[in-house]
Amino acid sequence: MELFDSHCHIQSVGAAGGEKSTRELWTKGAVTDAAAVIRRARDAGVTRLLCVGCDAEDSRLAVAFAEAHDNCWAAIGIHPHEAARYAGDAAARQVFAALATRPKVVAVGECGLDYFYGHSPREAQLALLEFQLKLAQEHELPMVFHVREAFDDFWPVFERYHTAANPIRGVLHSFTDSAGHLQRALHHNLYLGVNGIATFSKNPMQQEVFRSIPLDHLLLETDAPFLTPVPDRGKICEPRHIRVIGEFLAAARGESLAILAQATTRNARQLFNI
């Protein structure tokens, strides 16, 4: 049985650079050896990992990390929290965009809109989303979307670029939204990423959505080092926790872990062309 962590940030483990809050969380949890993290993941049956960048520096780190590890690939992205830094800096965007041609880059993201925190103005978030949609289409890459309390603005932008002649392939990362947005995502043939939130959410609507995602559109992810699943809340999340998340979802959905693992691994490999 093979499992695929379709969204993690292990490129920051023991690194001098990369996204600051992610790096600090790894350090706070005394996780400093990336090789050990990968080894523990393999021991849990997690054989492939997608390292996801959140800004230009973090994306460069993810690419370098993926190129140094056979079982890792990279997604390059500018997170909506970071949009204000790049909206007015064409040179920085150009440097970031050049990463798309690197051989182990298999996606653009995470990118999108986050109106829950609002760390960047909405206008900047929208501009960076469009920039990355264009980049993904130019290089025929799928996308990793971060959308939080912003679907009313996200869908019109997405649908402007997602055409029959040039469809956008991708995944809604950390999906916890409504059945209506699930159906709209499925209509556009998007995948839904589910992580440790499923194990501790007390929201009945969310639990029903997790159960109702079609198996052929489901991805497993950790978002490591964030969102550690039950029963390890309070500890640092690692890719090895994919197995815990998979076991929880399989039980909740009435499926065997073997069937869930086979389907979600196949889905991730198809989406990211791995």
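**Strands S1 and S2**

I began with strand S1 (residues 3-8), which is mostly covered, six of its six residues being buried; buried here stands for under 20% relative accessible area, exposed for over 50% and partly exposed for what lies in between, with a 1.4 Å probe and protein chains only. The model is a predicted one, in which local features need pLDDT of at least 70 and side-chain atom pairs count only at pLDDT 80 or more, while totals for chains, interfaces and linings use all residues. Residues are numbered from 1 along each chain as its sequence is written, and side-chain values use heavy atoms, with hydrogens and water left out. Strands (E, at least two residues) and helices (H or I, at least four) are DSSP runs, numbered from the N terminus.

I then looked up the partner of S1 and found that S1 and S2 pair in the parallel sense over four bridges, where pairing requires that DSSP finds at least two bridges between two strands. Phe4 has Arg48 of S2 as its bridge partner, and Cys8 has Cys51 of S2. Strand S2 (residues 46-52) has six of its seven residues buried, so S2 is largely enclosed by the rest of the structure.

On to strand S3 (residues 72-76), which runs parallel to S2 and is joined to S2 by four bridges; Leu50 stands opposite Trp73 of S3. Between S2 and S3 the chain passes through helix H3 (residues 56-68), and I noted this β-α-β crossover as right-handed, in the sense that, with the strands pointing away from the viewer, the path from the first strand over the helix to the second runs clockwise.

**Nonpolar cores**

For the cores I used sets of buried Ala, Val, Leu, Ile, Met, Phe, Trp, Tyr and Cys residues joined through side-chain atoms within 4.5 Å. The largest nonpolar core has 79 residues, and Ile10, Phe145, Phe154 and Leu172 have the most contacts inside it. Helix H6 (residues 122-139) gives the largest share of this core, seven residues. Apart from this core lies another, of 15 residues, among them Val52, Val144, Leu271 and Phe272.

Taking contact as heavy atoms within 4.5 Å, I listed the partners of Ile10 beyond its neighbours within four places in sequence: Trp26, Val37, Ile38, Leu49, Cys51, Phe65, Cys72 and Pro239.

In helix H7 (residues 151-161) I found Phe151, Phe154, Trp155, Val157, Phe158 and Tyr161 to be buried. The buried residues of H7 pack against S4, H6, S5, strand S6 (170-172) and helix H8 (179-187).

Ala124, found in helix H6, is buried with a relative accessible area of 9%, and, not counting residues up to four places away in sequence, Ala124 touches Ala83, Ala84 and Ala87. I also checked Ala124 against Pro80, 44 residues apart along the chain, and their C-alpha atoms are separated by 8.2 Å.

**The largest pocket**

I looked for pockets on a 1 Å grid over the protein atoms alone, where a 1.4 Å probe fits and a pocket is an open set of points with protein on both sides within 12 Å along at least five of seven lines, lining residues having an atom within 4 Å of a point. Grid points are joined across faces, edges and corners, and a volume is the space filled by probe spheres set on the points.

The largest pocket has a volume of about 800 Å³. Its lining has 29 residues, of which Asp114, Tyr117, His146, Arg148 and Asp223 lie nearest its centre. Helix H1 (20-28), strand S4 (105-114) and strand S5 (143-148) are the elements that give two or more residues to this lining, and S5 supplies the largest share, four residues.

**Loops and backbone**

Gly17, in the loop between S1 and H1, is buried with a relative accessible area of 15%; leaving aside neighbours within four places in sequence, Gly17 is in contact with Arg23, Glu57 and Leu61.

The loop between strand S8 (218-220) and helix H11 (242-253) holds Pro225, and Pro231 is also found between S8 and H11. A cis peptide bond joins Ala224 and Pro225, with omega about 15°, and another cis bond joins Val230 and Pro231, with omega about 15°. Leu227, likewise in the loop between S8 and H11, has a positive phi of about 60° although it is not a glycine, and is partly exposed, with a relative accessible area of 25%. I noted Ser174 too, in the loop between S6 and H8, with a positive phi of about 50° although it is not a glycine.
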